[in-house]
Amino acid sequence: MAVHCIVPARMGSSRYPGKPLVKIAGKEMIVRTLERARAAGCFERILCATDSEIIADVVSRAGFDFVMTGPAHTGSDRVAEAANKLGLDLVVNLQGDEPLVEPSLLAQVARELENHPDCWVTVACPLNPAENQVKTVVKVLVKDGVALDFTRDVDENALATASDQNAFWFQHQGIYAYSRACRDEFASLPQSQVELDRSLEQMRIIDRRTIRMVQSPYISISVDVPADVSAVEAQLLH
(Lines give C-alpha, C1' and ligand atoms only; values in the text may rest on other atoms or scores of the structure.)
Protein backbone atom coordinates (compact mmCIF):
# COMPACT_ATOMS: atom_id res chain seq x y z
CA MET A 1 0.00 0.00 0.00
CA ALA A 2 1.07 3.58 -0.62
CA VAL A 3 2.55 5.41 2.36
CA HIS A 4 2.69 9.20 2.47
CA CYS A 5 4.62 11.64 4.67
CA ILE A 6 3.12 14.77 6.22
CA VAL A 7 5.26 17.26 8.15
CA PRO A 8 3.10 19.44 10.43
CA ALA A 9 4.39 22.95 11.09
CA ARG A 10 3.13 26.04 12.90
CA MET A 11 4.63 29.37 13.86
CA GLY A 12 3.28 29.45 17.41
CA SER A 13 5.48 26.99 19.29
CA SER A 14 5.29 27.89 22.99
CA ARG A 15 8.97 27.11 23.59
CA TYR A 16 10.29 28.43 20.28
CA PRO A 17 7.97 30.71 18.27
CA GLY A 18 8.71 30.69 14.54
CA LYS A 19 10.77 27.51 14.88
CA PRO A 20 10.01 25.95 11.45
CA LEU A 21 11.67 28.89 9.68
CA VAL A 22 14.84 29.06 11.76
CA LYS A 23 17.84 28.88 9.47
CA ILE A 24 20.09 25.84 9.97
CA ALA A 25 23.33 26.18 8.02
CA GLY A 26 21.56 28.65 5.75
CA LYS A 27 18.35 26.70 5.08
CA GLU A 28 14.99 26.74 6.87
CA MET A 29 14.50 23.83 9.25
CA ILE A 30 11.15 22.83 7.72
CA VAL A 31 12.83 22.51 4.31
CA ARG A 32 15.66 20.39 5.71
CA THR A 33 13.12 18.07 7.34
CA LEU A 34 11.14 17.70 4.10
CA GLU A 35 14.36 16.94 2.25
CA ARG A 36 15.09 14.11 4.69
CA ALA A 37 11.67 12.64 3.96
CA ARG A 38 12.37 12.84 0.24
CA ALA A 39 15.73 11.12 0.71
CA ALA A 40 13.94 8.12 2.28
CA GLY A 41 12.65 7.25 -1.18
CA CYS A 42 9.62 5.37 0.19
CA PHE A 43 6.80 7.91 0.16
CA GLU A 44 4.26 8.36 -2.61
CA ARG A 45 3.64 11.94 -1.51
CA ILE A 46 5.47 14.34 0.82
CA LEU A 47 3.91 17.58 2.01
CA CYS A 48 3.77 20.11 4.81
CA ALA A 49 0.55 20.69 6.77
CA THR A 50 0.42 24.22 8.17
CA ASP A 51 -1.88 27.06 9.20
CA SER A 52 0.77 29.64 8.26
CA GLU A 53 0.88 31.23 4.82
CA ILE A 54 4.49 32.22 5.52
CA ILE A 55 5.51 28.58 6.06
CA ALA A 56 3.47 27.51 3.03
CA ASP A 57 5.32 30.03 0.86
CA VAL A 58 8.76 28.88 2.04
CA VAL A 59 7.82 25.23 1.48
CA SER A 60 6.42 25.94 -1.98
CA ARG A 61 9.48 27.91 -3.08
CA ALA A 62 11.62 24.94 -2.00
CA GLY A 63 9.63 22.70 -4.36
CA PHE A 64 7.41 20.88 -1.86
CA ASP A 65 3.63 20.59 -1.62
CA PHE A 66 1.61 21.93 1.29
CA VAL A 67 -1.95 21.83 2.57
CA MET A 68 -3.50 24.56 4.68
CA THR A 69 -5.21 23.52 7.91
CA GLY A 70 -7.05 25.27 10.69
CA PRO A 71 -5.75 25.63 14.24
CA ALA A 72 -4.89 22.28 15.83
CA HIS A 73 -4.28 21.05 19.37
CA THR A 74 -1.39 18.81 18.28
CA GLY A 75 0.65 17.78 15.28
CA SER A 76 -1.37 14.59 14.94
CA ASP A 77 -4.64 16.58 14.88
CA ARG A 78 -3.16 18.74 12.11
CA VAL A 79 -1.97 15.69 10.18
CA ALA A 80 -5.41 14.08 10.52
CA GLU A 81 -7.08 17.15 9.03
CA ALA A 82 -4.60 17.37 6.15
CA ALA A 83 -4.73 13.65 5.36
CA ASN A 84 -8.53 13.66 5.33
CA LYS A 85 -8.60 16.63 2.97
CA LEU A 86 -6.40 14.67 0.55
CA GLY A 87 -8.04 11.28 1.09
CA LEU A 88 -4.83 9.61 2.33
CA ASP A 89 -4.77 6.39 4.34
CA LEU A 90 -1.30 5.36 5.55
CA VAL A 91 0.68 8.39 6.71
CA VAL A 92 3.98 8.99 8.49
CA ASN A 93 3.88 12.15 10.60
CA LEU A 94 7.41 13.53 10.68
CA GLN A 95 7.60 16.40 13.13
CA GLY A 96 9.18 19.47 11.59
CA ASP A 97 11.90 19.78 14.23
CA GLU A 98 13.67 16.59 13.05
CA PRO A 99 16.08 17.97 10.40
CA LEU A 100 18.63 15.20 11.07
CA VAL A 101 16.29 12.21 10.93
CA GLU A 102 17.88 9.23 9.17
CA PRO A 103 16.08 8.53 5.87
CA SER A 104 16.53 4.77 6.34
CA LEU A 105 14.68 5.05 9.65
CA LEU A 106 11.71 6.67 7.92
CA ALA A 107 11.62 3.80 5.45
CA GLN A 108 11.61 1.35 8.35
CA VAL A 109 8.71 3.19 9.99
CA ALA A 110 6.77 3.10 6.72
CA ARG A 111 7.25 -0.68 6.44
CA GLU A 112 6.13 -1.19 10.04
CA LEU A 113 2.98 0.81 9.34
CA GLU A 114 2.23 -1.26 6.24
CA ASN A 115 2.56 -4.43 8.33
CA HIS A 116 0.50 -3.12 11.28
CA PRO A 117 -2.08 -0.60 10.00
CA ASP A 118 -4.29 -1.16 13.06
CA CYS A 119 -1.56 0.26 15.37
CA TRP A 120 0.25 3.50 15.92
CA VAL A 121 3.95 3.33 15.10
CA THR A 122 6.68 5.54 16.54
CA VAL A 123 10.41 5.48 17.28
CA ALA A 124 12.64 4.77 20.28
CA CYS A 125 16.30 5.74 20.22
CA PRO A 126 19.14 5.66 22.78
CA LEU A 127 18.58 7.73 25.94
CA ASN A 128 21.46 9.61 27.50
CA PRO A 129 21.22 8.88 31.28
CA ALA A 130 22.25 12.48 31.95
CA GLU A 131 18.96 13.56 30.34
CA ASN A 132 16.65 11.35 32.43
CA GLN A 133 15.07 14.40 34.03
CA VAL A 134 15.51 16.92 31.21
CA LYS A 135 11.90 17.80 30.40
CA THR A 136 12.51 18.77 26.78
CA VAL A 137 13.61 15.17 26.10
CA VAL A 138 10.60 12.83 25.91
CA LYS A 139 11.10 9.30 27.24
CA VAL A 140 9.27 6.11 26.32
CA LEU A 141 9.05 2.88 28.31
CA VAL A 142 9.26 -0.11 25.96
CA LYS A 143 8.60 -3.79 26.49
CA ASP A 144 8.53 -6.39 23.74
CA GLY A 145 8.47 -3.73 21.06
CA VAL A 146 5.44 -1.88 22.45
CA ALA A 147 5.20 1.43 24.33
CA LEU A 148 3.96 1.19 27.92
CA ASP A 149 4.31 4.86 28.90
CA PHE A 150 5.68 8.24 27.84
CA THR A 151 6.96 10.94 30.18
CA ARG A 152 9.31 13.92 30.33
CA ASP A 153 11.34 12.85 33.36
CA VAL A 154 12.39 9.47 34.71
CA ASP A 155 13.31 9.26 38.40
CA GLU A 156 14.94 6.41 40.29
CA ASN A 157 11.57 4.91 41.18
CA ALA A 158 10.57 4.80 37.50
CA LEU A 159 13.86 3.12 36.62
CA ALA A 160 13.34 0.49 39.32
CA THR A 161 9.77 -0.15 38.21
CA ALA A 162 10.91 -0.61 34.61
CA SER A 163 13.50 -3.15 35.72
CA ASP A 164 10.83 -5.11 37.59
CA GLN A 165 8.72 -5.20 34.41
CA ASN A 166 11.66 -6.26 32.24
CA ALA A 167 11.09 -3.04 30.30
CA PHE A 168 13.52 -0.32 29.22
CA TRP A 169 13.46 3.47 28.95
CA PHE A 170 14.45 5.09 25.65
CA GLN A 171 14.31 8.56 24.16
CA HIS A 172 11.23 9.10 22.03
CA GLN A 173 11.79 10.52 18.55
CA GLY A 174 9.29 12.82 16.85
CA ILE A 175 7.87 10.43 14.27
CA TYR A 176 4.39 8.85 14.26
CA ALA A 177 2.68 6.66 11.69
CA TYR A 178 -0.93 5.62 11.44
CA SER A 179 -3.78 4.63 9.18
CA ARG A 180 -6.88 6.71 8.51
CA ALA A 181 -8.87 4.69 11.06
CA CYS A 182 -6.27 5.30 13.80
CA ARG A 183 -6.07 9.03 13.03
CA ASP A 184 -9.82 9.48 12.90
CA GLU A 185 -10.17 7.76 16.26
CA PHE A 186 -7.51 10.01 17.77
CA ALA A 187 -8.99 13.20 16.33
CA SER A 188 -12.48 12.30 17.56
CA LEU A 189 -11.36 12.05 21.19
CA PRO A 190 -11.12 14.99 23.62
CA GLN A 191 -7.68 15.81 24.93
CA SER A 192 -7.07 13.72 28.03
CA GLN A 193 -5.88 15.24 31.28
CA VAL A 194 -2.65 13.27 31.23
CA GLU A 195 -2.04 14.45 27.65
CA LEU A 196 -2.45 18.05 28.78
CA ASP A 197 -0.39 17.60 31.94
CA ARG A 198 2.53 16.04 30.10
CA SER A 199 2.07 17.91 26.81
CA LEU A 200 2.32 14.56 25.01
CA GLU A 201 -0.34 13.88 22.40
CA GLN A 202 0.23 10.11 22.32
CA MET A 203 -1.21 9.81 25.83
CA ARG A 204 -4.66 10.42 24.31
CA ILE A 205 -4.54 7.08 22.50
CA ILE A 206 -2.13 4.85 24.43
CA ASP A 207 -4.90 2.98 26.27
CA ARG A 208 -6.91 2.46 23.07
CA ARG A 209 -4.36 1.48 20.44
CA THR A 210 -1.12 -0.47 20.58
CA ILE A 211 1.82 1.84 19.95
CA ARG A 212 4.50 -0.20 18.22
CA MET A 213 8.10 0.95 18.53
CA VAL A 214 10.71 0.98 15.80
CA GLN A 215 14.10 0.75 17.50
CA SER A 216 16.63 3.23 16.13
CA PRO A 217 20.38 3.02 16.78
CA TYR A 218 20.71 6.73 16.05
CA ILE A 219 20.70 9.39 18.76
CA SER A 220 17.94 11.90 18.06
CA ILE A 221 19.00 15.54 17.80
CA SER A 222 15.83 17.58 17.40
CA VAL A 223 15.28 21.32 17.74
CA ASP A 224 13.12 22.09 20.75
CA VAL A 225 14.69 25.34 21.98
CA PRO A 226 17.00 27.89 20.31
CA ALA A 227 20.11 26.39 21.93
CA ASP A 228 19.54 23.16 19.95
CA VAL A 229 20.23 24.86 16.61
CA SER A 230 24.00 25.00 17.09
CA ALA A 231 24.11 21.27 17.95
CA VAL A 232 22.23 20.42 14.76
CA GLU A 233 24.47 22.69 12.67
CA ALA A 234 27.58 21.09 14.17
CA GLN A 235 26.26 17.65 13.23
CA LEU A 236 25.42 18.74 9.67
CA LEU A 237 28.84 20.24 9.16
CA HIS A 238 30.70 17.36 10.85
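User: Lys and Arg count as positive and Asp and Glu as negative; on that basis, how far apart are the mean positions of the positive and negative charges of the protein chain?

Analyst: The structure is a predicted model. Its protein chain carries 24 positive and 32 negative charges.

User: Which radius of gyration does the protein chain have, and why does it count as compact as a globular protein of its length?

Analyst: The secondary structure of the chain consists of eight helices and eleven strands. For 238 residues the globule rule gives 18 Å, and the value for this chain is close to that, so the chain is as compact as a globular protein of that length. The radius of gyration is 17 Å.

User: What percentage of the residues in the protein chain is buried?

Analyst: A residue counts as buried when its relative accessible area is under 20%. The protein chain has 238 residues, and the buried share of them is 51%.

User: Where do the buried residues of helix H2 lie around its axis, and which exposed residues does the face turned away from them carry?

Analyst: Helix H2 spans residues 53-61, and its buried residues are Ile 55, Ala 56, Val 58 and Val 59. These cover an arc of only 165° around the axis, which means that they lie on the same side of H2. In general, an α-helix has 3.6 residues a turn, so residues three or four places apart point the same way. The face turned away from the buried side carries the exposed residues Glu 53, Ile 54 and Arg 61.

User: Which elements do the buried residues of H2 pack against?

Analyst: The partners of these buried residues include one helix, H1 (29-40). The strands they pack against are S1 (3-9), S3 (27-28), S4 (46-50) and S5 (65-68).

User: Is Arg 183 buried or exposed?

Analyst: Arg 183 is located in helix H6, residues 180-188. Leaving aside neighbours within four places in sequence, its contacts include Val 79, Ala 83, Asp 89 and Tyr 178. The relative accessible area of Arg 183 is 1%, and the cut-off for burial is under 20%, so Arg 183 is buried.

User: What is the phi value of Asp 144, and where is this residue placed?

Analyst: Phi of Asp 144 is near 55°, a positive value in a residue other than glycine. Asp 144 counts as exposed, at 72% relative accessibility. Its place is in the loop between strand S8 (139-143) and strand S9 (146-151).

User: In which loop is Asn 166 found?

Analyst: Asn 166, with phi near 60°, also has a positive value in a residue other than glycine. At 53% relative accessibility, Asn 166 counts as exposed. The loop that holds Asn 166 lies between helix H5 (156-164) and strand S10 (168-178).

Technical notes: Residues are numbered from 1 along each chain as its sequence is written. This is a predicted model: local features need pLDDT of at least 70, side-chain atom pairs count only at pLDDT 80 or more; totals for chains, interfaces and linings use all residues. Side-chain values use heavy atoms; hydrogens and water are left out. Helices (H or I, at least four residues) and strands (E, at least two) are DSSP runs, numbered from the N terminus. The radius of gyration is taken over C-alpha atoms; the globule rule is 2.2 Å times the number of residues to the power 0.38. Buried means under 20% relative accessible area, exposed over 50%, partly exposed in between (1.4 Å probe, protein chains only). Lys and Arg count as positive and Asp and Glu as negative; His and the chain ends are not counted. The place of a charge is taken as NZ of Lys, CZ of Arg, CG of Asp or CD of Glu. The arc is that of the directions from the helix axis to the C-beta atoms. Contact means heavy atoms within 4.5 Å.
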